[in-house]
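Take a look at the model below. This report covers a metal site and a residue in a strand.

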Amino acid sequence: MKQDVSSLAEVAPRERFSKICALTGAGISVAAGLGTFRGPDGRWTMTPEMERAMHVQLLPGNVDALWSVWGGMWDVAARSGPTPAHRALAAAGASVITQNVDGLHQAAGSVDVVEIHGSAGRARCLDDAFCGWTGSAEEAKRVDPPQCTQCTEPARPSVILFGEMLDPEALEQARRLASECDLFLAIGTSGRVAPASWLAPAAREAGALCVNVDLYPDGNADPAFHARVVGDAQDVLVEWAAS
Ligand SMILES: [Zn+2]
């Protein structure tokens with residue numbers, strides 16, 4: 001593990017890599033006006049009752065809270081648009097595995113995007129067993145409260161809740177992208193929680209250079225990474241993309 005550096009171009013010159021894969025978390029979207037979840041100003045720290053409402057066992061009673069949190073986030077993201085860091089990744093042709101549900105990578109023009117925690121821009125029917133409808137949140141929101149367009153059950157945001165399984169197909173796609181890249185970047189996420197925690201080791205095992213871009217590194221560097229760039233993803237990625 002290299003010592004912490006401040007420039008991504010220094011450890012991973014962009015032109016040296018042809019298959020770049022980025023794992024992104026809440027930190028990349030802070031500049032779009034979306035808060036992180038943990039930490040002093042985090043969404044869950046400020047409103048712990050909202051965090052408790054995000055549990056799958058509370059369905060269907062928490063559907064209003066879900067739309068308030070995730071529908072609200074989607075609206076903020078749509079108004080702000082992608083950040084320079086989102087655009088830099090799109091310009092570099094990076095494939096993206098994101099923990100975010102805000103749609104900003106697609107808005108920036110990234111094509112290969114795996115949303116492991118779902119999308120706040122999508123909705124699904126509460127009746128998983130017999131209906132199984134999924135579609136855009138906009139369609140579901142044509143009635144209030146939002147409704148499945150196939151049956152008359154309520155619709156919920158298609159975001160993974162606490163206690164809920166991740167989509168195995170999305171996980172498989174994420175594993176494939178991580179193991180096929182030659183440069184793996186983790187941006188705005190500690191990457192310490194599964195499944196993010198096994199993506200860097202999978203990329204490294206397959207021969208990729210692994211770099212963590214972290215604004216507030218806490219404690220020892222993760223041994224899965226070859227280097228850690230300490231800095232704001234907005235500055236680090238824009239400088240790197242222009243290098
Ligand atoms: Zn339905």
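## Thr24 and its surroundings

Two residues are in contact when they have heavy atoms within 4.5 Å. This is a predicted model. Leaving aside neighbours within four places in sequence, Thr24 is in contact with Leu89, Val96, Ile97, Thr98, Gln99, Asn100, His105, Ile187 and Thr189.

Thr24 lies in strand S1, residues 20–24. Its relative accessible area is 0%. Buried means under 20%, so Thr24 is buried. The side chain of Thr24 also makes a polar contact with the side chain of His105, at 2.8 Å.

## The zinc site

Which protein atoms are the donors of the zinc ion? They are the SG atoms of Cys125, Cys131, Cys148 and Cys151, lying 2.3 Å from the ion. Along the chain, the donors follow the spacing C-x5-C-x16-C-x2-C. The site is tetrahedral, with angles of 103 to 116° among its 4 donor atoms. Ideal angles for four tetrahedral donors are 109.5 degrees.

The UniProt annotation "binding site", from an unreviewed entry, covers Cys125, Cys131, Cys148 and Cys151. They are spread over 27 residues of sequence, yet they cluster in space: the largest C-alpha distance is 9.0 Å.

## Two of the cysteines

Cys131 sits in the loop between strand S4 (118–125) and strand S5 (134–136). Cys131 is buried, and Cys125 is too. Not counting residues up to four places away in sequence, Cys131 touches Cys125, Cys148, Gln150 and Cys151.

Cys148 is in the loop between helix H7 (137–140) and strand S6 (155–159). Its relative accessibility is 3%, so Cys148 counts as buried. Beyond its neighbours within four places in sequence, Cys148 has contacts that include Trp133, Glu153 and Pro154.

Technical notes:
Residues numbered from 1 in each chain as written. Predicted model: local features only at pLDDT ≥ 70, side-chain atom pairs only at ≥ 80, totals over all residues. Heavy atoms only, no water. Helix = DSSP H or I, 4+ residues; strand = E, 2+ residues; numbered from the N terminus. Buried < 20%, exposed > 50% of the residue type's maximum accessible area, 1.4 Å probe, protein only. Polar contact = N/O pair within 3.5 Å; in protein donor to acceptor, adjacent residues only side chain to side chain. Donors = N, O, S within 2.8 Å, 3.2 Å for Na, K, Ca; no water. Tetrahedral: all angles 85-135°; square planar, octahedral: opposite > 155°, others 65-115°. UniProt positions renumbered as here; feature names shortened; annotations may be inferred.
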